[in-house]
Every structure is written in C-alpha cells, then in structure tokens.
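Q: Could we go through this model together? I would like to begin with the overall fold and then move to the details.

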Amino acid sequence: MSDRLRPLLVVAAVLVLVLGVVPAVLGAFDRSYLYQVANLALIFVLLAASMHLVTGVAGLLQLGHAAFYGVGAYTAALLTTEAGLSFGWTLPLAGLGAAFVAVLVALPTMRLVSIYFAVATLGIGQMLYLVMLNWVPVTKGPNGILVTSGLTLFGYDLSRPASAYFVVAVVTLASLWVIHRLSHSYYGNALRSLREDDQCADAMGLDTVRLKIESFAVSGFFAGIAGALWAHTAGYISPADFSFPQSILILAMVVVGGLGSLPGAVIGALVLILLPEVLRPVGDFRNIIVGGVLFFSILLMPKGIIGEVSALDLVRRQLGGAWRGEGTKAGSEVGWR
Amino acid sequence: MAGTSPAMTLESVDLEDDWHEFSGFFGPNLPVAMDYYLQQLAIGLSLGMVYALMAIGFTLIFGVLNVVNFAHGEVYTIGAFTGLVVISAFAPPLIVVLLLVVAVGALAGVGLERIAFKPFRRFSDEASLKSRAMREATLMSSLAVSIVVREAVEIGFGSQFQTVPLDRLLNSPISLGPITIVSGDVIIFVVAALMLGGLQYVLKRTNVGLSIRAVSSNPLGAKYVGINTDRTIIWTFAVGSMMGAAAGILVGLYYGAIFPSMGFIPGIKAFVAMVMGGLSSIPGAVICALILGFSESIATIFVPSVWADMVAYGFLIVTLIFFPRGIFGGARDRV
C-alpha cells in the first residue's frame, strides 16, 4: 500500500465506522436510549480528546475540565431558551464562551507549576459549579434547564435521535481532526516540550506562557462544544452533570487510555462510558467495576491502553505526513510537518 | 429524553451543602446582633477544628509521599458509618464509639496504603518516590479506591441519609453567657484539641513521630540512618486516617447527616486548608483550617449559606496567586 493511500483509507474507515456502521446498528435496534448512549460516548470522546491536549500533551494537570463543559452547555442552553438561537449559532458561541472563560482562568494561574496548577483548576472548577448550582435567576439552580427546541440547522429539524446522532458524530469527528492536527504537529511538539521541561523550552525561544494559554483556550473551546452537544441532545442539563466527579471521570479516561496519546484518550472514553452500559445487568455493582477497571489499568498498564510512544508511532504510520520528506528540504525530514 | 443521565455514573448524592444549612438559619437581612456574631464564631471554631482534623491527614501523607490522597474523604465516611453501626448495635458511651471509630479509621488507612499506594512504589529512591508518574498513578489509584469504597457503602446502606438515634445527636443546647451553643460544638472542640495535642506529642516525642518527620523531610536520608521507610509510611496513613475517621463520626453526630458521599465537601475543604498552609506544614494547615471555618461561618451572616463554599475556593485561588508556596510554606518545618 502506498504511503499516500494509507491515510486516506484510515480516514475513510473511521468515517464509515462512525457514520455508517454505528448508525446502522443503532437503527436496527431503534431504541432512543441506545442513541443517547452513543451520543454520550461521542461527547465524552470529545471531552477526553480536549483534555488530552492540555493534560496529556502540554502536561498541565487539569482537575476542573467539567466546568468548561458546563459553561458550554449552559451557554448553549440559555442561548436557545432565552434568545431563541438555533444550533448553528449556539454551537460556536458555546465553544467561544468556554474558551473565553478558559483564558480568564489561565491568565492568573499559568505561572503556577505542577500540583499548584492542578489545585487551582480544581478550585476554579468548583467555583463555576457553585455558580451553576446557586445562581438561580440565570441557571435555574439545581432544577436544571430543559432544552426542548433548538437542534435545527438551516431550517431543518435535526432533533430525531438518528439525525441528532449524525450531528454529534460529525461535530466530534471534525473536532477530533483539529485536535489531531494540533497535537501531531510541530505545534504539538512544542507543547510536549513544555511538559518535559518548560525552562528549556523557554530557552529555545518558545513563548511558553502563550503556548500554555493557547492550549488551555483550545481545550476549553472543545469542552464547550461538547457541552453544547450535550445540552442539545440530552434535552436537559443540571449542575450535577458538570461536577467534580465528572472532571475526574474525564481525567480517568485520559489516564486509562494513555497520557499524551490521542487514540488512547478516544479508547479510554469509549471504555469508561460503554463499560457501565454493558454492565447494566450487573446493576448496583457496575460503578464498583468501573472503579476496579480504573485501578487495575493504572496498576497493570501504567502507560495506558495505548501509550504515548506507540500512539505517536501509530498516528505517524497510519495517518502519514511526517518523516516522508518529499517536497521538503533535506534538513527538515525529521519531525512533524 | 429528560431524566437521569448516564453521565452521572460517578455521582451518587447531590452534594447540596447539607454541611452548611444549619449555620445559616437567619438569612442575610436580619439585624445582626453581637451575640449572633459570637455564636457564628463558636460554630466556625468547631467547623474549623473538623477541617483541621481532616487537613492533617492530607498534610501528613503529602509530607511523606508528596502525593494527594483522594480517598481521604472516604476515610471520613467510613468513620461516620462505623460509628453509626456501633451505636445502633450496642449503644456504648460516646468515648467508646470514638475509640472504636479511631481504630477502624487506622485500619482503613493501613488498608488504603497497602492497596492504593504500596503497589505503585516500585522503586524506593527519592527521585521516583516523588516523581510525577508516581504522583499521577497514586492520585488515580486512590481515586479508584474511593469510588469503590463509596459505591460499596452505598450498596450496603443505601444512598439516602441514615437515621441517627435522636438521643445520640450532639445538639443539647448549652448557654454560655449571651450565646447559646450546642454540646456538639464543645465536644468537637475538646476532642479535636486533644487529638491535635496528641499528634504534636507523637510527632515530637515518639520514635514513630520522629521517623515520620525524618521521612517527610528527606526519604533517602531517613533510609541511610536506618529508618524503615515503608513502615513509617504505613504509620503516617494510620495516624492521618484516625483523625479523618474521628472527624467523620463527630460531624455525623453533630449534624445527624450520615450518607455515602458525605466525605467529598469536607475533603475538598481540608485540601484547601492544606494548600493554604503550604502543603506540608501541619501548624499551617491547622491555622488555615480554622481561618476557613471562621470565615465560612461569618460569611453565612452576609450571604445565603449556599454560597459559603465560595469562600474556601476564593481563599484557595487568592493564596495560589499571591502566596504560591502557601501562607506558611517556606518558613516552617515540613511537618
């Protein structure tokens, strides 16, 4: 197989799987609950991927990711119910809103290192959660917001389960593509250098603070997009969806999948969302089993399901691009283009 | 479409601040008398003492291993449930309940260390003991253990509030000059003060305490002078968890609110106190826990009690931005 063809085939296979096979299977069962599980899995794939960028690649341990997800969801829900905007507007605005909050959070906290940064994000995540829970006039507090309308695009109503699934799938795939390009590129390598040694990166001429804030903003943006998808597909949001345990769940996905590995984050998200559903017959014990899976995956696979090195290798071989060297100068054949 | 979402897998009970609803009866707009301030200060003192007991567990463990123990809140829950079981089984006096709870807490701490921390200490040199990989692995493993424990408690007892026998609640009023406090305030203060004093004695005067301090100041050096690091770490977990479990049952009997996810909010508050105190300074953590307790109970005078948690997080952010090493970070002993 030629090097040029392989990336196209891989992309085509993913597209066929997500946009063809999965909806076909879901359609065969035709239960709206299954569609909801599929949407949830895709949304968490997106959340895990966005956290992968900031925690896995840039190495900033983020313990408040669910708050940005919540900001996006509340932005989308309020724009729909109060301003009557449709999905085409709420989706980007939710992303931008979350990115804006992320930049606000990042500006004062970026000079903190390691555990201090993690603690600061935890505190800010909790503050945003408290705002969602207690700012009753705007967020309706613990009662949550019903989002019954709004999943329309160019006048088409997309709120049927099957079409909602396609919306979520397309948005998630597009976002994954962007995150893939960001984390598997020179830009991604610059972020990785921050993780390994930010003083060294600084000495090499990288603007470390700016890179950190950018990665935080991009990650917040995609978390906000995920929030908008959740608000529109679940039809109901409440603060409990964006509390600290959710942040930890997303972190667990990234860690189980492999820190710094995008395919790992995707697989980790699928495992941790789908496993409780598969285990539904076991009833009460399923969360214990999730905890057990988390524990044993850390104990037995400390690098994650797909470790960073093998993930980079995989992406490099399957999606091509780097190391090909054609059309580039002789000296620039190493690294990502 | 609406209804319970599958995304709530890690969430069991909505933590809507049952923690505070007892300290904010009067709402923000009543004329505030001096007595009321004093009363709030008394409540803040017992609240702060509870945070201090919790924060010590975090701080000891952070000092020795440089990791955050996310399962510490579950030790608190275990303490409360142990107390409840003991009380409903054979109703002993409070002091016996406390001793049993402390013993079970120590066992829980040792078990936690064996399960969630020991397997990840594959190498014992200082670099890997305090490395990032180790920290992230134990952070996640303690989290996993905490999920399992919380769910197991929920299966065993149900997720709703447990009924505490009314005569065991620590709420008989005590008049103290112009103000009225309840017996729980006094008992929490006395027990916590005794435990803090005892801890100080253990850390400064006994072999166990000296070795804990040695390991937390320099693990490799401690090894060189013949201290058994592994055993010291176990002791650290036992001591820290004793305090956490005692805090759990005291609060459980004070508020009459015992439920599987009760450990979460106090755990975060204690964590904040630890960070404010400089991550590994015990006096710092205790002082900051008291500051936290006072400011929360004072804050409920001015704002609705549901916003009181904001105080803790506000403190956290301000501390991190303006005193990144903690208020008492550099100047004091590590333990």
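A: Chain B has 12 helices and two strands, where helices (H or I, at least four residues) and strands (E, at least two) are DSSP runs numbered from the N terminus. This is a predicted model, in which local features need pLDDT of at least 70, side-chain atom pairs count only at pLDDT 80 or more, and totals for chains, interfaces and linings use all residues. Residues are numbered from 1 along each chain as its sequence is written, while chains are lettered from A and ligands numbered from 1 in the order in which they are written.

Q: What pattern does chain B follow along the sequence?
A: The pattern of chain B is α-α-α-α-α-β-β-α-α-α-α-α-α-α.

Q: How do the two strands run, and how many bridges join them?
A: Strand 1 (residues 173-176) and strand 2 (residues 179-182) of chain B run antiparallel and are joined by four bridges; strands pair if DSSP finds at least two bridges between them. Ile174(B) has Ile181(B) as its bridge partner in strand 2. Two residues lie between the strands of this hairpin, and Gly177(B) takes a positive phi near 65 degrees there.

Q: How much of chain B counts as buried?
A: Of its 335 residues, 53% count as buried. A residue is buried if 20 or more other C-beta atoms, placed from the backbone, lie within 10 Å of its own, exposed if 12 or fewer, and partly exposed in between.

Q: Why does Val272(B) count as buried?
A: Val272(B) is buried because 30 other C-beta atoms lie within 10 Å. Val272(B) is placed in helix 10 of chain B. Leaving aside neighbours within four places in sequence, Val272(B) is in contact (C-beta atoms, placed from the backbone, within 7 Å) with Leu292(B), Ala312(B), Phe315(B) and Leu316(B). The C-alpha atoms of Val272(B) and Ala289(B) are separated by 8.2 Å, with the two residues 17 apart along the chain.

Q: Which residues have the most contacts inside the largest nonpolar core?
A: Among them are Ala48(A), Met253(A), Leu53(B) and Ala245(B), in a core of 211 residues. Such a core is a set of buried Ala, Val, Leu, Ile, Met, Phe, Trp, Tyr and Cys residues joined through C-beta atoms within 7 Å. Helix 1 (residues 34-65) of chain B gives the most to this core, with 17 residues. Beyond its neighbours within four places in sequence, Ala245(B) has contacts that include Val75(B), Tyr76(B), Val101(B) and Ala108(B).

Q: Changing topic, how many residues of each chain are in contact with the other?
A: In chain B, 36 residues are in contact with 40 residues of chain A. Helix 5 of chain B gives the most to that side of chain B, with 12 residues.

Q: What does UniProt list for residues 233-258 of chain B?
A: An unreviewed UniProt entry lists them as one of the spans named "transmembrane region"; UniProt positions are given in the numbering used here, feature names are shortened, and annotations may be inferred rather than shown by experiment. In the model, residues 233-258 of chain B are 88% helix and 0% strand, and their end C-alpha atoms are 30 Å apart. For residues 270-294 of chain B, the end C-alpha atoms lie 14 Å apart, with 80% helix and 0% strand.

Terms used. Contact = placed C-beta atoms within 7 Å.
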